Amino acid sequence: MPYIAVEAHLPGITGLLEYRKDTAQPIRELTQILLRGESTLTEGERELIATVTSNGNECKFCTAAHTAAADIFLGETETSACIKTDIESAPLSEKMKALLVIADKIRESGRSVKPEHVERARAAGATDLEIHDTVLIAALFCLYNRYVDGLATALPDSPAYFDMLAERLKNHGYMRLPQGYDHLKKNQQ
Amino acid sequence: MAHIKLNNELPGIRGLMAYRPETEVPLNALVELLLRDDNNTLTRGERELIGTYVSYLNDCFFCQNVHGALAGHYLNCNIEQIDSIKHNFQSTDLSPKMKALLSIAASVQKGGKNVTEEQIEAARTEGATDVEIHDTVLIAASFCMFNRYVDGLGTWAPQDRQFYVDRAPRRAEEGYQSSVYN
């Protein structure tokens with residue numbers, strides 16, 4: 001049971017963002033800029049940063065949601081599965097591996113990022129902006145994961161919910177749906 | 001030295017915000033709403049204290065001094081009094097409700113799953129509302145982001161703590177949205 005009264009048909013983060021729509025707005029905007037805005041990292045790569053952070057924080061809702069989103073963008077499921085157990089063995093470029101390692105360090109603490117982690121990414125061709133955005137995406141998911149689990153939000157009844165959610169994240173991004181989320185009520189029955 | 005070339009000399013998060021103005025806008029909008037908006041039953045001082053305490057637990061020098069100075073400004077406390085709250089808030093004369101909320105914030109800092117039903121019940125018993133509990137969790141979670149952003153990119157911070165105390169009144173007056181260059 002969630003610790004506060006969120007709408008029963010909105011598991012995970014969605015119920016929280018609807019509970020306090022004013023604070024939701026800048027959180028949504030920040031996520032939209034970082035994960036969908038113009039970037040030299042692909043949407044799939046940025047979803048992998050969200051996935052590796054959420055997985056390290058053991059946040060089931062966020063891990064499942066961003067795994068599903070990454071899988072849609074990448075068109076395969078192997079990479080997201082791999083990074084959750086061993087970043088180095090994933091079928092990714094050296095640059096992406098280095099960025100995912102930075103994200104994993106950020107998850108531990110900002111102070112865990114050492115010059116050699118940044119040097120590895122830079123040597124593999126990462127730009128300053130890519131390093132910046134990796135850090136901020138991982139930090140943002142440290143917010144999300146704590147928000148979702150700190151208020152004990154519910155998981156959806158069916159794992160199929162995440163496929164639907166991932167479609168929405170691909171097609172609409174992270175801003176609030178103009179029509180809200182009441183249409184999801186019927187899916188609960 | 002920051003891990004990336006920021007092309008400015010501004011300390012802490014201000015250097016990062018000047019580097020990437022697009023993400024600065026929602027970051028400052030969030031903190032303005034959470035910490036400074038007057039439509040809130042927690043005082044600005046109480047909310048700054050939550051931010052200060054989480055930043056202290058995350059060992060982020062810049063954030064704990066910025067927000068500690070603001071908390072001190074609002075609550076009429078000096079640095080030593082803010083420090084004693086950081087080091088052991090249970091032994092201070094904060095209200096039982098604030099102590100219960102700070103205990104929730106400390107659990108959020110460790111990880112979301114550390115927040116227990118007993119902690120929530122204790123806060124409720126002391127009169128905390130659902131929105132206050134929500135905001136405590138979100139403020140604590142937000143500082144887990146801000147602290148990581150500031151330290152994860154290796155930004156510099158003025159070491160003289162009076163620097164932060166001196167800036168606090170103007171920040172309290174003008175808010176976060178004008179904080180980057182002023």
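Chain B averages a pLDDT of 97, and 100% of its residues score at least 70. The model, which is predicted, scores ipTM 0.98 and pTM 0.98. Chain A holds nine helices and zero strands, and 39 of the residues of chain B are in contact with 39 residues of chain A.

**Fold and dimensions of chain A**

- From the N terminus on, the elements of chain A run α-α-α-α-α-α-α-α-α, in keeping with its count of nine helices and zero strands.
- The radius of gyration of chain A is 16 Å, which agrees with the value near 16 Å for a compact globule of 189 residues.
- Taken along the principal axes, the box filled by the C-alpha atoms of chain A is roughly 50 × 30 × 30 Å.
- Of the 189 residues of chain A, 50% count as buried.
- When contacts in chain A between residues at least 6 apart in sequence are considered, 70% of them join residues at least 24 apart.

**Contact between chains A and B**

- On the side of chain B that touches chain A there are 39 residues, in contact with 39 residues of chain A.
- Two or more residues are given to this side by each of α2 (21-36) and α8 (130-152) of chain B.
- The element that gives the most to this side is α8(B), with 16 residues.
- By class, the side of chain B that touches chain A comprises 22 nonpolar, nine polar and eight charged residues.

**Asp22 of chain A**

- Asp22(A) lies in helix α2 of chain A, which spans residues 21-36.
- Asp22(A) counts as exposed because 12 other C-beta atoms lie within 10 Å, and the class covers residues with 12 or fewer.
- From Asp22(A) to His66(A) the separation is 44 residues in sequence and 24 Å in space, C-alpha to C-alpha.

**Val180 of chain B**

- Val180(B) is found in the segment after α9 (162-174) of chain B.
- With 17 other C-beta atoms within 10 Å, Val180(B) is partly exposed, since that class falls between the limits of 12 or fewer for exposed and 20 or more for buried.
- Not counting residues up to four places away in sequence, Val180(B) touches Arg14(B), Met17(B), Ala18(B) and Glu24(B).
- Met98(B) is 82 residues from Val180(B) along the chain, and their C-alpha atoms are separated by 30 Å.

Methods:
Residues are numbered from 1 along each chain as its sequence is written. Chains are lettered from A and ligands numbered from 1 in the order in which they are written. This is a predicted model: local features need pLDDT of at least 70, side-chain atom pairs count only at pLDDT 80 or more; totals for chains, interfaces and linings use all residues. Helices (H or I, at least four residues) and strands (E, at least two) are DSSP runs, numbered from the N terminus. The radius of gyration is taken over C-alpha atoms; the globule rule is 2.2 Å times the number of residues to the power 0.38. Two residues are in contact if their C-beta atoms, placed from the backbone, lie within 7 Å. Ala, Val, Leu, Ile, Met, Phe, Trp, Tyr, Cys and Pro count as nonpolar, Asp, Glu, Lys and Arg as charged, and the others, Gly among them, as polar. pLDDT is the predictor's confidence in each residue, from 0 to 100.
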